[in-house]
Amino acid sequence: MISHDEPWQWHAETHADRTVVSLAGELDVSSADELRGLLSDTIRATAVVAVDLSALTFIDSTALSVLIWAHQEAAHAGGSLTVHNPTGHVRRVLDVTGVLPLLGPDDEPGTVRAVAP
């Protein structure tokens with residue numbers, strides 16, 4: 001487990017078929033570069049990335065753009081990056097911006113299910 005100091009933390013678990021990156025806390029402009037680096041490194045290391053947002057309490061447009069960028073980068077690399085389990089404010093931002101269908105699981109666009117280990 002690797003995590004960072006406030007206001008956000010992350011944890012990555014590699015499984016046989018994917019890497020699950022769990023994000024917690026608040027993501028905003030001050031954390032965007034670090035988030036981009038984390039997701040870039042993860043995409044280079046594995047074809048399938050699932051980002052668990054269940055413990056994320058805030059996201060701004062800059063951090064949202066990083067998730068969209070990472071989704072596109074994973075696709076360009078022949079893989080995928082999807083988000084799972086957004087709640088509260090984070091879910092509202094994904095819904096209002098229309099991004100949830102893009103970033104949600106491919107088999108059920110816009111539907112968010114639990115990320116099983």
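Guide: One definition comes before anything else: rings of Phe, Tyr and Trp (for Trp, its six-membered ring) pair if their centres lie within 6.5 Å, with planes under 30 degrees apart counted as stacked, over 60 as edge-to-face and the rest as tilted. This is a predicted model, in which local features need pLDDT of at least 70 and side-chain atom pairs count only at pLDDT 80 or more, while totals for chains, interfaces and linings use all residues. Residues are numbered from 1 along each chain as its sequence is written, and side-chain values use heavy atoms, with hydrogens and water left out.

Visitor: How many aromatic pairs does the structure hold?
Guide: A pair of aromatic rings is described by the distance of the centres and the angle of the planes. By the cut-offs just given, the number of aromatic pairs in the structure is 0.

Visitor: Which residue lies over the face of W69?
Guide: A charge sits over a ring if NZ of Lys or CZ of Arg is within 6 Å of the ring centre and within 35 degrees of the ring normal. At 4.5 Å from the ring centre of W69, the residue over its face is R36.

Visitor: Over which residues does pLDDT stay under 50?
Guide: pLDDT is the predictor's confidence in each residue, from 0 to 100, and the protein averages 88, with 85% of the residues scoring at least 70. Where pLDDT is low, the predicted coordinates should not be read in detail. The stretch under 50 is residues 106–117.

Visitor: What pattern does the protein follow along the sequence?
Guide: Helices (H or I, at least four residues) and strands (E, at least two) are DSSP runs, numbered from the N terminus. The protein has 4 helices and 4 strands, and their order is β-β-α-β-α-β-α-α.

Visitor: Is T82 buried or exposed?
Guide: T82 belongs to strand 4, residues 80–84, and its side chain makes a polar contact of 2.8 Å with that of H84. Such a contact is a pair of N or O atoms within 3.5 Å; within protein, one must be able to donate a hydrogen and the other to accept it, and residues adjacent in sequence count only if both atoms are side-chain atoms. Because its relative accessible area is 9%, T82 is buried.

Visitor: With which side chain does the side chain of N85 make a polar contact?
Guide: N85, in the loop between strand 4 and helix 3, has a positive phi of about 65° although it is not a glycine. Its relative accessibility is 18%, so N85 counts as buried. At 3.1 Å, the side chain that N85 contacts is that of D52.

Terms used:
Buried means under 20% relative accessible area, exposed over 50%, partly exposed in between (1.4 Å probe, protein chains only). Contact means heavy atoms within 4.5 Å.
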